[in-house]
Every structure is written in C-alpha cells, then in structure tokens.
Amino acid sequence: MRISQLDGRAVALWGWGREGRAAYHAIRSRLPELALTLFCSHEEAADARALGDVRLAIETAATAERLGAFEIIVKSPGISPYRAEALAAVEQGARFLGGTALWFGEHGDARTVCVTGTKGKSTTTSLLAHLLRAGGHRTALAGNIGLPLLEVLDPPRPPEFWAIELSSYQTGDVGASGARPEVAVALNLYPEHLDWHGSQARYVEDKLRLLTEGKPRIAVLNANDAVLAGLKLPDSEIHWFGHAAGWHLRGDALWRGDREIMDTASLPLPGRHNRGNLCAVLTAIEALGIDAAPLAPHAASFKPLPNRLQPLGTRDGIAYVNDSISTTPHASLAALDCYSDRRIALLVGGHDRGIDWQAFADAMRRRAPVAIVTMGENGPRIHALLAPIAAQSDFRLSAAKDLAEAMAQARAALGEAGGTVLLSPGAPSFGPYRDYVARGRHFAELAGFDPDAIVAIDGLGIA
C-alpha cells in the first residue's frame, strides 16, 4: 500500500516509539491534511501534543471498540497483532500495517536484500552493507538494526542497494505491501518472542512470511537449519549457504564450492556462527549478480556491532564481554562456545516470556563455565533447572537480584585467578531496562567503562 492510498480513509497510529514517530512524519509529509488518531501511553502523549498538529487526535486507551473504528491502523512493531483488542478490531474491519509495509509500498522497484533470523541478523545485515560498499556500491543500511525505513523514505540520492534487517515483528509487512524483495536471507530459527507471537509455531510462521508471502526473487537459506532446509518456495529461486556446493566453512577456512578462498580465524566476527553468516552475505551478494569472492577479504575491516559479543576491556585482571542482545538460551550457548578457552562467569536471565531453558541446562552437564549467575524475572526458573546439575558438577551457581549484584558475584566466583565476565542473558531486558542497549550500557558502566563509547552502530544510513 502506498501512503497516498491512505488519503480519505480513517487512519490511526498505534505506538509512539521511534517507529511510530517515523510513520507519523512519513504520512504527514505526503498527506498534510489527513486526519490522524494516535494511540499511545500517557507518558508519550505529552511528546505527541508538543507537535501542535491540530489534525492529530491523541488517545491513551487502545480498546477494541476504538481501534475497530478505523480502516487502517499503522502499528509499531513491538505491539503484537495477536492481542485481544487487535484481533477484535480486525473482526470489525480494521486492517493493520507496519511502517515497513508503507516503505515497501513506496519502493517496490528498489534493489532490496532483506535479512531475518533469530540470531545474527544485525551483524549479517551490517556486514552485507560493508562488503557492498567496499565493492563501490552505494548502499543503505536500515530497518530493525536501528534506523526505521520510513526515516529514509525519500533520500536525496537513492542508493543502488538496500540492506534491510527485519525482525519477526516486521517480516509480514513485506508481503502486505505487495512488493517483492530482490533477495531475502533467512539465517536460522530458534524459539524467540513467544510472548508476542503466542507460540513457537506462530513465531516460525511469522518469521517465514518474508519468504512465503514476500516471495523474493531469490531466497538465500541456511542449509544447516532443519526448518529452512525443508522449505518449498515455488515463487522463489533458492540459493543455499552452508552447503558444499556454495559458500561454506571447513574448519576456519572459507570455501566457495571446491575453491578455498581465505582463512576466517582472525576476522572481527566473534563466534563460528558469525563467520558462517559471512557465507550468507557472500551468497546474497552473488544473488545480486556481483562477484563475491574479491569482496570477502574486506570482512577484515568490518567493525563489530555493539552489544553483540563485544569485548569492553579488562579491569583488575577480569575481562568484560557485552552480549546484551542475547535474548535466547541458544544465543547464550553460542556465546559460551566463543569463549570455551577462557574462565567464564556467565550472567543469564531477564524478562520471562516462557522460553524453555532445558536444552541450555542439559548443555551445562557437558560444558559449563566456571560460574553462572542467574538474575531477572526468569532467574529463579533458570536457577531451579541448573541447581541439581550444579550440585553434581564443579561450576558455581548463584542468584542475584539485579545486574549489579550479579556482576559482584561473578567477580567473586572468578577470584584472583581472573577470567571473563560474560553478559549473555538469553532473555529480553524489559522491566529494569528499556531495551538491550540500555542493559548493555549499564553493564559497561558497572564494569568501569564509558557507556557512550560502546553504543554506535557503524554505517547506518546511506553511504
């Protein structure tokens, strides 16, 4: 749907975070006379009223009855469409769209590469933009990574390519827009965001909507993911990575089919999973019709993203690694794999959205760190799973009421021998923190580092 098609309709916005504000400004830039209603919190209402927009009505109660009075509701990604009031509004005839759908409606002919996956999508999207730019291609880096697409709705000098990260909250917007991505990349699927989606099955279904409803010209899929490997996509050409016929790893060596390209051990891509995602990036570049092999060495100049296995430095013989973006137990296990040669005190726990930690607990029977400190809302549940294992093993298990206490316990567990305090919580930050960035900043501050020095994502926007 194009923004112009909203004209003359009853339109509402739901949510006033960065995505919501971007949607408002995009709509208002094209339709200055359109009457809009904004549903937002009491705290956000004052900010919205400060705009002085007489054609913007502001309400703080998004009830089913009120939502159902609108034809189109442009919803912020964090608001689940499976909430009771949203489902009831749909039954009354309301249609929900996201800002991503509006952007694609305006840019149906853009050369887009959309990246999704439970783990690694931000690094993959950023690395994709980095390598394309290294090859002389003007490229936009935007989406869920930290720059809403609607903030770059009308660039004065359009890029050649768009590298777009999409969360599971946004993947359905692509198909809803009526546009087809040129390339869509799916990295992996693990349990995630169950509170938003309602179930693991629905999470997978929603995540895959980028492929099943978006119908990209080329789908770049991970051959080593069981769900992705079984997909049938009749409307798309499939290119595999992690497969011997394409881009794949053998040990630390990067191969293209039967041709060895380079060693990846020294690349600034922490963890084998991130080096594997380099294969996804190179496969996507080839899907665009570009020779990827000459671009692969430029991965050496890639700047790692903040809050993703980010080394902060050392204080008093203890190193600190910030993996605050880790929101699943699988991500915490991947982080431990990256530091298997170190003495690790791992901090886990946060917002409880019902994800099963049993696989994590089972893994601790085989390869536990020196210490595990549980914290947050789901900390007691994780602690209860780990307690019988810790009783029969040699790792130290403790519980903390907050991050500060958890860090103190981690340092004490490492003792004079030193080691690494690894924040890889495997859970969202909601509750004590606004988001994972705020959690990472607090971790850096508690460790004695400047939080302002760790937050910038290099390369956002168009370059």
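Modeller: Gly415 follows helix α16 and has a positive phi, near 65°. The model is a predicted one, and α16 covers residues 403–414 in it. The helix has twelve residues, and from its first C-alpha to its last it reaches 16 Å, close to the 16 Å expected at 1.5 Å a residue. At the N-terminal end the cap is Asp402, with a side-chain oxygen 3.4 Å from the backbone nitrogen of Ala404.

Next come the faces. The buried residues of α16 are Leu403, Ala406, Met407, Gln409, Ala410, Ala413 and Leu414. They lie on the same side of α16 because the arc they cover around the axis is only 165°.

Most residues other than glycine have a negative phi. Asp316, in the loop between β15 and β16, has a positive phi of about 55° although it is not a glycine. Its relative accessible area is 83%, so Asp316 is exposed. Leu309 also has a positive phi, near 45°, and is likewise a residue other than glycine. Leu309 sits in the loop between α12 (272–287) and β15 (310–315). With a relative accessible area of 6%, Leu309 is buried.

How values were computed:
Residues numbered from 1 in each chain as written. Predicted model: local features only at pLDDT ≥ 70, side-chain atom pairs only at ≥ 80, totals over all residues. Heavy atoms only, no water. Helix = DSSP H or I, 4+ residues; strand = E, 2+ residues; numbered from the N terminus. Expected span 1.5 Å × (residues − 1). Buried < 20%, exposed > 50% of the residue type's maximum accessible area, 1.4 Å probe, protein only. Arc of directions from axis to C-beta. Polar contact = N/O pair within 3.5 Å; in protein donor to acceptor, adjacent residues only side chain to side chain.
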